[in-house]
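Please look over the sequence and the model below before reading the notes that follow. The briefing goes through a helix pair, a chain contact and a domain assignment in turn.

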Amino acid sequence: MIARAGLRGRDGAFWFLFILPALAVYAAFMAAPVIDSLRMSFFSGSGYAVDNFVGFDNYVKLFTDPETSTRFLKAFTNNWEFFGITMLVQNTFGLAFALILSAKGFKGKGFFRTIIFVPVTLSVLVTGYIWKLILNPQWGELNILLTKAGLGSLALPWLGDTRFALPAITLVSAWQWVGLPTMMFLAGLERIPEELFEAAQIDGAGGWLTFSKIKLPLLLPVIGIVTVLTFVGNFNAFDVVYAMEGANGPPAYATDLMGTFFYRTGIAGQHPVGIPDMGLGAAVAAVTFAVLFAGVLLANRLMNKDEAERGPAMDGGRA
Amino acid sequence: MSGVSKIHDRSKPFKYLLLSLWSLLVLFPLWTMLVNSFKFKNDIYLDPFGLPVKINFAGYQTVFQNSPFPRYFLNSLGVTIASLALILFLGSLAAYGCVRWRSRFSKWVYLFFVAGLTVPIKIGSIDLLRIMISLGLLNRTASVVPVYVAMGMPIAVFTLYEFIKGIPAELTEAALIDGAGPFKIYWSIIVRLIRPALATVAIFNLVPIWNDLWFPLIFIRDDSQRTLILGVTRLFGEYQTDWSKILAVLSLSCLPVIAIYLGMAKQFIAGLTAGAVKG
C-alpha cells in the first residue's frame, strides 16, 4: 500500500505502457484471430481472399450437404468416442495411480511419479510414430509378442482395421497424457487434511469406505477440472491421428476427428481438390468452439452446484 | 501411521505390480526407439526387442553429416528461446503494470488476458494464416514466434500477477525512497523476486513450443525453414525403409526435453500440471 501511495504520481497512462506490448501481441495474434475466425464463417471466397458474405451458407453446407455433413458427423461422433475411451482409461488409471502414490510413506513415490510423467514431455508426433512402429504388421513388436504367446490369431493390423484403429489411437493418447490427471489427483489427495483419515481410522473405516466417503467426494472438483481439460484437449486433438494415420483419418475415416476434419476443410484442402475452403473451415472452427464452450459451461455449472464457493475451472488447475 | 499402512499391507504387492507394469509400458517404446536406432535393418526385423548384435552408427551419421536435421534443430532452438524470452519479459511487465495500475480498466485488461486460458488458439488458425500471408511471414521459421508469445500471455500474466501482488510493499518502498523509477524497480527488484514464478511459466511454455506440430505445419512449407518436429514428418515419405535413420532422428528429437526433464523432474511436473489449465 505504501509503495502504491508513493507511486501515485504515476497515472494510468503510464502503467498502461507496461501492459501495452503484451496486450498488443496477445490481441493481434490470439484474441483477434479467434474472433475473426468466427466472423469468417459467414463468408466465402477463393483461396485466401474470404470476403464474400454468404450468411449461414457455410453452416448449411456443413450440416446438410451429403458429402460434407457425412464427414463432419463422422468426425464429431469419433471425437466423442475418443473422449469416452480417454475418460474411461486415462483418467481412471490416473486416479488409481494417484491413490496408490498418495498413501503415506509409500516407497518409490518419486521414482514412479517421474516415470509416469515422462511421456507428457514428449512430442505427440514422436510418440505417435513410435507406437505406429510397435503396432505395424511388418515387424511390430505387439504382434510378435501376441504370436509368441500363442495368440497369433489376434495379431491384427491394428491401425488398418476400422474397428480397432480409433481405440488404438485413443490408448496411445492415454498412454501419453495419463501423467497429468495422475499429478492433479495426487495434488488433490494430498490437500485432504490428515485428521479426516485419522478420524475415519478410529471409526474403523476400511480402505473402500475411506475412498468412497472421504477421498472421492473431496476429489469431485478435481474430477471436474480433469474432465474439462480432457474434453478441451480431445476436441482439439490432431497430432496423434496425423502421426499414426495421416490427415485423412483412415481407414475409411474411422479415425477422423474434428481436428483432422478442420485441417482438411480449412487449411490443406479436401483430398481430390487440395484447395482449402476457408469459410467452411472457419465454420468448423466455430462449431468446435461452440461445443467446447457449451461443455465447459455445463461442467462449471455442475461443479458450482456441487461446491458453491469454488471459482471457475482455472482455479483448481493450479493444484 | 502404522495402523494406516497395516490396512494397506495386503494390497501392497499388487500396487507395486501395477506401477511396475505401467513403468515398463512407459519405457518400452523409448527402449524400442533407442536400441533399434543402433541396429542394421535386418537385425531390426530379426529381433526388435534386444540390444544390437552389431552396432550400426549409420543412422546417426547420416543425420549429422548429410541431412537438414541439424538445421531444423537450430530453427527449433531459436524459436523456443526467442518465444520464451518474449513471454517472460512481456508477461512480467504486463503483470507488474496490472498490479500497480489501480483502476477499473486494469481489472478488465487482466480479465481479458486470463480469458485466453480457456480458449484454444487453434480456433483462430485460419485467420492467423491470413495474417502471416499479409505480414510476409508465411514460410518463415519466425512466423510461429508471435503466435507462441500470444499463446503464452494468459498463463504468464495469470501466474505472475498473483506472485507480484504477494510481494510486500516494503521491499519496493526502500528503492522508491532512493529515487529509483518504476522500470528500475521492475528490473532490479521485481524480476529478482519472481524468479520461481518465471521458471514455472518458462517450463510450462517450453514443452508445448518445442513439441508443437500444428503451427509449423500450417505456416511453413519451405524446406530450410522447418522446425525439428515439422522436419520429423518428412521421415516417412523419404526414408521409407531406413529405420535406423528414422529412429535416430526420433531419439535425437526428444533428447533435449527428456534430458532437461530428468534434471529437474519436480519443477517440470509442478509447472506442467499447473499449466495444464490451458490444455
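In this predicted model, B:Ala58, B:Gly59, B:Tyr60, B:Thr62 and B:Val63 of helix α4(B) meet B:Ser244, B:Lys245, B:Leu247, B:Ala248, B:Val249 and B:Leu252 of helix α15(B), contact being counted where C-beta atoms, placed from the backbone, lie within 7 Å. By class, this contact holds seven nonpolar, three polar and one charged residues (Ala, Val, Leu, Ile, Met, Phe, Trp, Tyr, Cys and Pro count as nonpolar, Asp, Glu, Lys and Arg as charged, and the others, Gly among them, as polar). Residues are numbered from 1 along each chain as its sequence is written, and chains are lettered from A in the order in which they are written. Local features need pLDDT of at least 70 and side-chain atom pairs count only at pLDDT 80 or more, whereas totals for chains, interfaces and linings use all residues.

**Helix geometry**
- The axes of α4 (residues 58-65) and α15 (residues 243-263) of chain B come within 7 Å and cross at roughly 65°, with axes fitted to C-alpha atoms over the stretch in contact and angles running from 0 to 180 degrees between N-to-C directions.
- α4(B) is therefore roughly perpendicular to α15(B), a term that covers 65 to 115 degrees.
- Helices here are DSSP runs (H or I, at least four residues), numbered from the N terminus.

**Contact between chains**
- Chain A brings 80 residues to the contact and chain B brings 84 residues.
- On the side of chain A that touches chain B, helix α2 (residues 12-40) of chain A gives the most, with 18 residues.

**Domains**
- Chain B is assigned domain 1 (2-61) and domain 2 (67-233), with bounds from an automatic or database domain assignment.
- The C-alpha centres of these two domains of chain B lie 37 Å apart.

Notes
Helix = DSSP H or I, 4+ residues; strand = E, 2+ residues; numbered from the N terminus. Parallel < 35°, antiparallel > 145°, perpendicular 65-115°, else oblique. Contact = placed C-beta atoms within 7 Å.
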